[in-house]
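Here are my notes for you to read alongside the model. Have it open on your screen and look up each residue as you go.

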Amino acid sequence: MAMNLALCESDPPGGRAAILSIKPKYASLILAGTKKVELRRTWPSQRIGVLVLYASSPVQKFVGLAYLDKVVECELEELWCISNTHGGGVTYEELRAYLAEKPRAFGAMISRVDVAKTAVDPKRIFRDFTPPQSLSFIRTSDFQTVVQSMFPSEATI
């Protein structure tokens, strides 16, 4: 069954769209469905409904979409339990080192993933594209353009 990505002028379900810059190793785990929680030291207060996954160097392309169910803020031990249960893609030692001395961190729970039919060089869409350090909100119209580029035969206007 073909996916119908009807495009309109509202935010994606569940909140705004954002580009997430992520190492290719972790992007692959998310796209494979084995990493269902994205671990972050910081997270914006504005609700995010969908992440456009940008696999960083050496891939440097938009590779898919990750829809978020919720974001939890908690201490290391609780975040480790969430990561261990839902596939965080890291060991306890890696998580502890990543968080360093931060008392609290965030787990973005991924409910669904759409793997791009076509991985897209962001510079085809955004002439002056610079990968975000972590994540960056994008306008609804830009999100629509990204979706149309990644899913060329499935997006409808």
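This is a predicted model: local features need pLDDT of at least 70, side-chain atom pairs count only at pLDDT 80 or more; totals for chains, interfaces and linings use all residues.

1. Residues are numbered from 1 along each chain as its sequence is written, and side-chain values use heavy atoms, leaving out hydrogens and water.

2. The backbone oxygen belongs to Pro132, and the side chain of Ser21 gets to it at 3.5 Å. You'll find Ser21 in strand S2 (helices, H or I with at least four residues, and strands, E with at least two, are DSSP runs numbered from the N terminus). Ser21 counts as buried because its relative accessibility is 13% (buried means under 20% relative accessible area, exposed over 50%, partly exposed in between, with a 1.4 Å probe and protein chains only). Beyond its neighbours within four places in sequence, Ser21 is in contact with Arg40, Tyr54, Ser56, Pro131, Pro132 and Ser134 (contact means heavy atoms within 4.5 Å).

3. Now have a look at helix H1, residues 24–32, where Pro24, Tyr26, Ala27 and Ile30 are the buried ones. Viewed down the axis of H1, these buried residues fall within an arc of 160 degrees, so they line one face of the helix (the arc is that of the directions from the helix axis to the C-beta atoms). Their cover includes strands S2 (16–22), S3 (37–40), S4 (48–55), S5 (61–74) and S6 (105–120). After H1 comes Gly33, with a positive phi near 85 degrees.

4. On to charges. Side chains of opposite charge can pair when their charged atoms come close. The count here is six salt bridges (a side-chain nitrogen of Lys or Arg within 4 Å of a carboxyl oxygen of Asp or Glu). One of them joins Lys35 and Glu38 at 3.3 Å, N to O, and both residues are buried. Lys35 and Glu38 also belong to a salt-bridge network with Arg40.

5. Arg104 and Glu73 form another salt bridge, at 3.6 Å, N to O. This pair links distant parts of the chain, 31 residues apart: Arg104 is in the loop between helix H3 (92–99) and S6, and Glu73 is in strand S5. Arg104 is partly exposed at 37% relative accessibility, and Glu73 is partly exposed at 43%.

6. Last one: Asp114 and Arg112 meet in a salt bridge at 2.9 Å, N to O. Asp114 is buried, at 10% relative accessibility, whereas Arg112 is partly exposed, at 40%.

Definitions and conventions
A polar contact is a pair of N or O atoms within 3.5 Å; within protein, one must be able to donate a hydrogen and the other to accept it, and residues adjacent in sequence count only if both atoms are side-chain atoms.
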